[in-house]
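Work through the exercises below with the sequence and the model side by side. Try each task before reading its solution.

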Amino acid sequence: MTSRRRHLPSFSAMRAFEAFARHGRMSLAADELCVTHGAVSRQVRALQDWLDVALVEGPKTDLRLTPAGQRLAEVLARAFDDIEAGLPQGRREEQAVLRVSCLGTFAMRWLIPRLPRFYRLHPGIAVEVSESHAPVDFRTGEYDAAIRMQAESEVSGPDVTAFLAEYQGPVLAPTLWSGIAEPEALHTLPRLHTRTYPAGWPEWEARVGRPPTGAMTGTVFDHTFYMLAAASAGLGVAIGGWSLVQDDLADGQLLAPLGLVDTGLAYIFITPPGRPDRAAGAFRDWLVEEGRRAAAPPPEITAPARPG
């Protein structure tokens with residue numbers, strides 16, 4: 001073993017800075033470390049003075065990492081992960097909590113049913129899912145990551161990861177499908193809509209080159225999951241996204257007689273800029289793998305042929 005003396009700053013200062021880098025706010029870092037806001041601020045200043053490098057910049061109410069601070073935060077996050085992994089397991093490991101803001105129906109129909117697979121891989125991380133469609137604002141400190149939808153062509157940056165492309169098309173119950181003579185007659189059936197996505201039918205018609213129907217006629221529901229439940233019950237035809245109906249298509253609860261078309265949109269995983277986080281990184285990698293498992297549907301997906 002080498003006897004070389006290490007030339008390192010205060011461990012407390014590095015720990016305070018790493019906590020601030022993950023949370024983006026002195027107050028949240030202070031809560032984690034069970035110290036005061038001022039104590040974290042002093043430790044970060046002490047680390048800057050020791051290194052003679054600016055690690056944060058901006059007003060006190062909106063401090064951000066400098067490029068040097070970002071690099072150091074990444075190094076410290078990896079180092080602390082290694083230390084944590086190498087500690088004897090005599091004391092029960094504290095579970096990390098990842099707070100994820102997510103689109104409601106996507107959480108219910110895609111994310112939550114798959115979470116058991118994530119927990120089997122990462123038993124030390126608990127995921128708390130909250131519903132929101134609002135623009136992402138991490139400055140509130142309410143969550144650590146978010147899932148939203150965005151045009152695939154606009155996805156960029158190290159803090160935004162597309163993990164699941166979206167396709168859509170008309171879906172209906174097998175009992176309703178069995179009552180029509182040919183696929184084109186599907187357009188004579190009652191249409192189902194949702195107030196959270198009123199452009200569903202017009203956008204699908206535009207993508208497949210059908211003339212627009214104009215006014216939104218049919219039954220309107222407050223939420224997408226209500227609309228899809230109504231479709232499964234045979235109340236009409238809904239525009240269903242692949243991510244939301246793939247399990248129902250697989251088990252035959254819903255059919256997509258006209259296929260599903262590429263929307264150009266994708267579900268994205270967003271993390272706060274410049275805040276490396278082990279739990280968020282593990283969750284992001286898992287989402288990407290789950291997206292690969294949920295292979296995109298071919299456009300010729302059809303309902304089973306009727307007997308006779």
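**Exercise 1. Find what share of the chain's contacts join residues at least 24 apart.**
Step 1: take contacts, meaning heavy atoms within 4.5 Å. Step 2: keep the pairs at least 6 apart in sequence. Step 3: of these, 76% join residues at least 24 apart.

A note on the source: this is a predicted model, where local features need pLDDT of at least 70, side-chain atom pairs count only at pLDDT 80 or more, and totals for chains, interfaces and linings use all residues. Residues are numbered from 1 along each chain as its sequence is written, and side-chain values use heavy atoms, without hydrogens and water.

**Exercise 2. Decide whether Thr105 is buried or exposed.**
Step 1: recall the cut-offs: buried is under 20% relative accessible area, exposed over 50%, partly exposed in between (1.4 Å probe, protein chains only). Step 2: Thr105 has 10% relative accessibility, so Thr105 counts as buried. Step 3: look around Thr105. Leaving aside neighbours within four places in sequence, Thr105 is in contact with Trp110, Thr224, Phe225 and Leu244.

**Exercise 3. Describe the largest nonpolar core.**
Step 1: define it: buried Ala, Val, Leu, Ile, Met, Phe, Trp, Tyr and Cys residues joined through side-chain atoms within 4.5 Å. Step 2: the largest core has 42 residues. Among those with the most contacts inside it are Phe106, Phe283 and Leu287. Step 3: beyond four places in sequence, Leu287 is in contact with Trp110, Leu111, Ile147, Phe163 and Phe269. Step 4: a second, separate core of 21 residues includes Ala16, Met26, Leu65 and Ala73.
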